[in-house]
Amino acid sequence: MKPSLEQKVWMYEHMLVSRYYEQAIEKIYLEGKSPVFNMAKGTIPGEMHLSNGQEPCAVGVCAHLHDYDIITATHRPHHQAIAKGVDLKRMTAEIFGKKSGLSGGRGGHMHLFDPAVNFSCSGIIGQGMGPAVGAALSRKLQNKPGVAISYIGDAASNQGAFHESLNLAAVWKLPVVFVVEDNAWGISVAKETSMSVTHNAVRAQSYGIPGVFVPGNDPVAIFEAAGEAITRARNGEGPSLLDLETYRLAGHFMGDGEDYRPAGEKAALAEKDPILVFEQTLLNEKVITPDENEQMKKAALSRVEEAVEFARSSDYAPAEEAMDFVFV
């Protein structure tokens, strides 16, 4: 299943929005956090996990999805949310902790929830796998359309929820696709020191479901693999697992000193920046012209600027509403 020219352009546009968005959030996050870095201070308090470098994993999968399809994402969710169509202005307001946010500012960037496009994420590692299996089961029992996509990181595959979810999804032949974003690091733990197999695709095969390893952080290759897995799910043939090689260009979180990385690793990753690679590919293939490329970049940047302005100009919820929607 090859992407059309329109789908290639769609993927590139959403990769640009995601990257510009993360660059803006990275800059804003540091506001008010100097001279001594304090995670609780500033315009955006709390932890911040950036996904720059992992954009192909989002667009290659989401190019196949409809609003009624479900995504459960990770604590590093911005690229996935943007590709799924989450309202960018309300998402930004949520990250800022503003009342106009997706959840009134109560969830923050690790707990985005947009029922309009069936998107959610969680700060708990592997947490979304069970809900994704449940969503797929509900669609099957109710004979409703919809595929569930469960994004996890490579380290989450060592959780019990990973194995329980794959087992039940396989036994019940559910319309769910597990997507592993393998950036080779579980916070500061290298994958090869915590996994007995090289690829999670092997683990999928242990549960009798297709496991496909996709190397190279290539949006087109991911699109092709995702197309087969999602079509299989829509046809009632059961779950699949996509094991996607990708690269985290930043640290695990903002403030991460990244002392654990081998010397030269970040510089080498920067040379493989997937957006620069895809940009050059589209230009070489004449999918876009240089002028169209510049227009697309301006449009993407404008979307981000409008979202940030919306969030900055929004109000915080009044203090008397602090206990609303809280179980006590």
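**Figure 1. Helices α5 and α6 packed together in the predicted model.** In this predicted model, helix α5, which covers residues 129-141, packs with helix α6, which covers residues 160-172, at an angle of about 15°, and their axes are 9 Å apart. Angles under 35 degrees count as roughly parallel, and therefore α5 is described as roughly parallel to α6. The crossing of these two helices, α5 and α6, is left-handed. On the α5 side the residues that take part are Met129, Gly130, Val133, Leu137 and Lys140, and they meet Ala161, Phe162, Ser165, Leu166, Leu168, Ala169 and Trp172 of α6. Sorted by class, the residues in this contact of α5 with α6 are 9 nonpolar, 2 polar and 1 charged.

**Figure 2. Helices α1 and α2 where they cross.** Helix α1 spans residues 5-29 and helix α2 spans residues 55-62, and their axes come within 9 Å while crossing at roughly 140°. Because of this angle, α1 is described as oblique to α2. The contact brings together Trp10, Met11, His14, Met15, Ser18 and Arg19 from α1 with Glu55, Pro56, Val59, Gly60 and Cys62 from α2. By class, this contact of α1 with α2 holds 6 nonpolar, 3 polar and 2 charged residues. As for handedness, the crossing of α1 and α2 is right-handed.

**Figure 3. The largest pocket and the residues that line it.** The largest pocket has a volume of about 390 Å³, and of the 28 residues that line this pocket, those closest to its centre are His75, Ile125, Gly153, Ala155 and His252. Two strands, β4 (148-153) and β6 (185-186), each supply at least two residues of the lining of the largest pocket, and the largest share, 3 residues, comes from β4. When the lining of the largest pocket is sorted by class, it has 10 nonpolar, 13 polar and 5 charged residues.

**Figure 4. The second largest pocket and the residues that line it.** About 250 Å³ of space lies in the second largest pocket, and of the 16 residues that line this pocket, those closest to its centre are Asn183, Ala184, Glu245, Thr246 and Tyr247. By class, the lining of the second largest pocket is made up of 6 nonpolar, 4 polar and 6 charged residues.

Terms used: Residues numbered from 1 in each chain as written. Predicted model: local features only at pLDDT ≥ 70, side-chain atom pairs only at ≥ 80, totals over all residues. Heavy atoms only, no water. Axes fitted to C-alpha atoms, helices over the stretch in contact; angles between N-to-C directions. Helix = DSSP H or I, 4+ residues; strand = E, 2+ residues; numbered from the N terminus. Parallel < 35°, antiparallel > 145°, perpendicular 65-115°, else oblique. Left-handed = near helix turned anticlockwise from the far one by under 90°. Contact = heavy atoms within 4.5 Å. Nonpolar A, V, L, I, M, F, W, Y, C, P; charged D, E, K, R; others polar. 1 Å grid on protein atoms, 1.4 Å probe; cavity = no way out; pocket = protein on both sides within 12 Å on 5 of 7 lines; lining within 4 Å. Points joined across faces, edges and corners; volume = space filled by probe spheres on them.
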